[in-house]
Amino acid sequence: MRTAVLVEPNEFELEDRPRPSPGPDDVLVAVRDVGICGSDVHYYEHGRIGDYVVEDPLVLGHESAGEVVEVGENVTHHEPGDRVALEPGVPCRRCAHCKRGDYHLCEKVTFMATPPHDGAFTEYVSWPADFAYTLPESVSTAEGALCEPLSVGIHACRRGSVGTGDTVLITGAGPIGLMVLEAARAAGATDVILTDVVEEKLEFAKERGADLTVDVTETDLDAAVAEYTDGVGADVVVEASGAEPSIKSTIDVVRRGGTVVLVGLASEAEVPIDVLELIDNEVDVHGSFRYKNTYDAAVDLLADGEVDVEGIIDFESELEDIDDAFRRAMEPTVVKGMISLDS
Ligand SMILES: NC(=O)c1ccc[n+]([C@@H]2O[C@H](COP(=O)([O-])OP(=O)(O)OC[C@H]3O[C@@H](n4cnc5c(N)ncnc54)[C@H](O)[C@@H]3O)[C@@H](O)[C@H]2O)c1
Ligand SMILES: C[C@@H](O)[C@H](N)C(=O)O
């Protein structure tokens with residue numbers, strides 16, 4: 001099977017690898033669509049993300065969906081022909097975190113495209129059947145693949161307890177910020193503000209329904225939020241840029257008693273925060289790491305037409321053109337590139 005392998009930074013090789021056989025609890029999936037995530041691009045460019053280092057050739061891609069072609073002997077809820085979205089993180093199911101229900105925090109998780117685990121830029125993936133979610137007729141496999149970033153958005157909104165009538169400020173209008181926008185609307189937020197430093201990203205966010213957009217290179221964010229919220233501040237702030245100034249700004253623009261959710265990964269682990277301000281204003285700060293129990297919700301939201309994910313796709317490429325696709329994905333105005341396979 002054709003497989004795009006990252007052999008060294010900035011270089012994929014297309015290899016012919018043996019097709020895997022599904023284990024007794026697995027499904028074998030013919031991959032149809034795989035999104036290019038910022039983390040894939042980071043591994044491609046730098047060969048590492050923090051402590052995760054690409055030491056051996058690695059298959060990238062963790063936003064994937066396809067068609068079941070074979071099922072293991074114990075699998076009863078899938079059959080060949082089913083179209084499925086694959087949740088990329090499979091936990092050990094045994095550790096303390098898994099047993100208390102926080103399976104996304106499992107330290108032994110097998111997460112696609114995170115060294116040393118291979119991902120989905122390949123023709124076939126064998127994957128645990130309970131981490132494959134059936135897509136109804138109305139949901140495309142491209143949308144199925146984008147259940148992954150949508151899941152990040154749903155989990156962030158759940159962490160922030162976004163609710164009906166809330167004003168949500170999202171910093172960073174990349175794919176994650178835009179998926180938080182979708183999830184926040186679905187959770188009942190009536191006012192959504194997005195920030196960015198790239199004008200095109202903000203125009204796009206506006207087209208996708210942001211009530212207010214703020215270019216933080218030109219406009220004072222505190223003043224803009226104060227004006228929009230009559231001096232109160234946002235109920236929930238979701239940080240989705242990873243930029244240090246943006247992380248710092250979150251506690252200035254959240255309302256007293258409000259919630260800050262940190263999703264963006266700062267390049268420096270330590271970002272100075274005024275803790276007295278946090279205490280005085282009784283701000284809740286939550287980290288948000290990947291997601292748990294979001295795929296069923298993501299598929300239902302897509303089936304009900306409650307969210308749009310396909311609209312963020314800028315281009316689709318074939319597996320053979322993956323180097324070009326990654327270079328395109330690095331352009332600052334591009335939101336999402338997809339690799340589509342027609343095996
Ligand atoms: N916690 C998690 O589970 C999780 C999951 C996925 C991604 N992430 C992280 O979330 C962040 C967003 O992911 P993405 O794929 O959308 O990244 P991205 O780089 O595509 O988007 C980030 C956006 O932030 C904008 N930005 C840069 N500086 C800014 C500033 N000072 N203020 C406002 N916006 C600014 C950029 O122009 C860009 O549009 C990244 O840091 C990524 O690593 C975290
Ligand atoms: C969650 C996922 O989108 C992210 N890129 C990660 O590897 O953690």
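**Ligands, domains and packing**

Helix H5 gives the shell around ligand 1 its largest share, three residues. Helices and strands here are DSSP runs numbered from the N terminus, a helix (H or I) having at least four residues and a strand (E) at least two. A residue belongs to such a shell if its C-beta atom, placed from the backbone, lies within 6 Å of the molecule. This is a predicted model, in which local features need pLDDT of at least 70 and side-chain atom pairs count only at pLDDT 80 or more, while totals for chains, interfaces and linings use all residues. Residues are numbered from 1 along each chain as its sequence is written, and chains are lettered from A and ligands numbered from 1 in the order in which they are written.

H5, S13 and H8 each supply at least two residues of the shell around ligand 1. Of the 27 residues in that shell, Gly172, Gly174, Ser241, Gly242 and Ala243 come nearest to the ligand. By class, the shell holds 13 nonpolar, eleven polar and three charged residues. For this count, Ala, Val, Leu, Ile, Met, Phe, Trp, Tyr, Cys and Pro are nonpolar, Asp, Glu, Lys and Arg are charged, and the others, Gly among them, are polar.

Around ligand 2 lie Cys37, Ser39, Thr114, Glu148, Val152 and Arg290. That shell divides into two nonpolar, two polar and two charged residues.

How is the protein chain divided? The domain assignment gives domain 1 (2–146 + 309–340) and domain 2 (153–287); such bounds come from an automatic or database domain assignment. The C-alpha centres of the two domains are 29 Å apart. Eight residues of domain 1 are in contact with nine residues of domain 2, where contact means that the C-beta atoms of two residues, placed from the backbone, lie within 7 Å. On the side of domain 1 that touches domain 2 there are four nonpolar, three polar and one charged residues.

The largest nonpolar core has 102 residues, and those touching the most other members are Val27, Val29, Val84, Ala85, Val168, Val180 and Val238. A nonpolar core is a set of buried Ala, Val, Leu, Ile, Met, Phe, Trp, Tyr and Cys residues joined through C-beta atoms within 7 Å. A residue is buried if 20 or more other C-beta atoms, placed from the backbone, lie within 10 Å of its own, exposed if 12 or fewer do, and partly exposed in between. Helix H5 (residues 175–186) gives the most to this core, with eight residues. The core draws at least three residues from each of domain 1 and domain 2.

Val238, leaving aside its neighbours within four places in sequence, is in contact with Ala156, Gly160, Val168, Ile170, Val180, Val261 and Val263. Leu181 lies in H5 and counts as buried because 27 other C-beta atoms lie within 10 Å. With the same exclusion of sequence neighbours, the contacts of Leu181 include Ile170, Val192, Leu194, Ala205, Arg208, Gly209 and Ala210. The C-alpha atoms of Leu181 and Val238 are separated by 9.7 Å, although these residues are 57 apart along the chain.

Which residues of helix H6 (residues 199–207) are buried? They are Lys201, Leu202, Phe204 and Ala205. Seen down the axis of H6, these residues fall within an arc of 160°, so they line one face of the helix; the arc is that of the directions from the helix axis to the C-beta atoms. The buried residues of H6 pack against H5, S13 and strand S14 (212–215). Just after H6, Gly209 has a positive phi of about 110°.

In helix H8 (residues 244–253), the buried residues are Ser246, Ile247, Ser249, Thr250 and Val253. They too line one face, because they fall within an arc of 160° seen down the axis of H8. Their packing partners are strand S12 (167–171), strand S13 (191–196), helix H7 (221–228), strand S15 (234–239) and strand S16 (254–262).

Ala113, in the loop between S9 and S10, has a positive phi of about 65° although it is not a glycine. Ala113 is buried, because 24 other C-beta atoms lie within 10 Å. Pro116 is found in the loop between strand S9 (110–111) and strand S10 (124–128), and the peptide bond from Pro115 to Pro116 is cis, with omega near 10°. Arg93, in the loop between strand S8 (89–90) and helix H2 (96–99), has a positive phi near 75°. Arg93 counts as exposed because it has 12 C-beta neighbours inside 10 Å.
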